[in-house]
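Thanks for making time this morning.

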Amino acid sequence: MSLAWGDAGYGDDFFWGVCNTLLISVCAYAVALVIGLLGAWAKLCHIKVLNRAGDTYTTVVRSLPELLFILLIFYAGTPALTRLLVNIHLVEEGFEINPTGAVIFALSVIYGAYLTDVLRGGIQSVPKGQIEAAKAYGMHAPLRFVRILFPQMIRFAIPGMGNQWLNITKDSALVSVVGATELLSVGRGAANSTKHFMFYFGVTALLYLALTVFSLALLSQLEKRANRGVRRV
């Protein structure tokens, strides 16, 4: 049992495992946030087709287990996308999509559905009178979003967004089923090689706990900053 750096132990493997977990989580969350904003807009706009599309998207994605969705994307979606890219001559024959990229896309779609409703609730919490006043002053839609809607919406949405961030850091472990490397796969590999299952899985659990504690501290600071100047009841 060793956490030394290099060939003498698994310290560097765990370090890069944590880095890969953070990379997957940050990339997937960033894309999911964009999808969530688009989904929230679709569900709140006055166009029925977009309303139904947003409802269908969130219902279908949230009804499927995350692991099943990742497997569908990896084993069905990536071959179809590869064929499309080859047919339009953007890539050559034999091109393969990176498993990590496929999982990032899958997690983005999954958590985009959850963030859609989180952000929709935050938007609906902003008083409509302020939006109407901004329209009366002649603010166009992007300016209203930046100056009026987003700063207030984010204050209501941060708790839900934080929960989804914590979930995505743990669900990043699902990438191991398609051969990508992250924290859990490193811990499992070390445990299988040395047969010290309790030690290396314990180290893995402690690293996930450290990520969670750090995330909670950061989210607490963000929430305090978003609520500065707001009088609490």
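Arg155 lies over the face of Phe156, 4.3 Å from the ring centre, where a charge counts as over a ring if NZ of Lys or CZ of Arg is within 6 Å of the ring centre and within 35 degrees of the ring normal. Please keep in mind that this is a predicted model, in which local features need pLDDT of at least 70 and side-chain atom pairs count only at pLDDT 80 or more, while totals for chains, interfaces and linings use all residues. Residues are numbered from 1 along each chain as its sequence is written, and side-chain values use heavy atoms, with hydrogens and water left out.

Turning to rings with rings, the rule is that rings of Phe, Tyr and Trp (its six-membered ring) pair if their centres lie within 6.5 Å, with planes under 30 degrees apart called stacked, over 60 edge-to-face, and the rest tilted. The count by this rule is nine aromatic pairs. One of them joins Phe74 to Tyr75 in an edge-to-face arrangement, at 4.9 Å centre to centre and with 85° between the planes. Is Phe74 buried or exposed? Taking buried as under 20% relative accessible area, exposed as over 50%, and partly exposed as in between (1.4 Å probe, protein chains only), Phe74 is buried because its value is 17%, whereas Tyr75, at 53%, is exposed.

The pair of Phe145 and Phe150 is tilted, with 5.7 Å between centres and 50° between planes. Phe145 has a relative accessible area of 30% and is therefore partly exposed, and Phe150 is partly exposed with 35%. Ring pairs also link Tyr10, Phe14, Phe199 and Tyr200 into a cluster.

Phe15 belongs to helix H1, residues 11-44, helices being DSSP runs (H or I, at least four residues) numbered from the N terminus. With a relative accessible area of 40%, Phe15 is partly exposed.

Finally, the cysteines: how many disulfides does the rule give? A disulfide is a covalent bond between the sulfur atoms of two cysteines, and the criterion applied is a pair of cysteine sulfur atoms within 2.5 Å. The count comes to zero. For Cys19, which is in no disulfide, the nearest cysteine sulfur is that of Cys27, 13 Å away. Cys19 itself is partly exposed, at 28% relative accessibility, while Cys45 is buried, with a relative accessible area of 13%.

Definitions and conventions. Helices (H or I, at least four residues) and strands (E, at least two) are DSSP runs, numbered from the N terminus.
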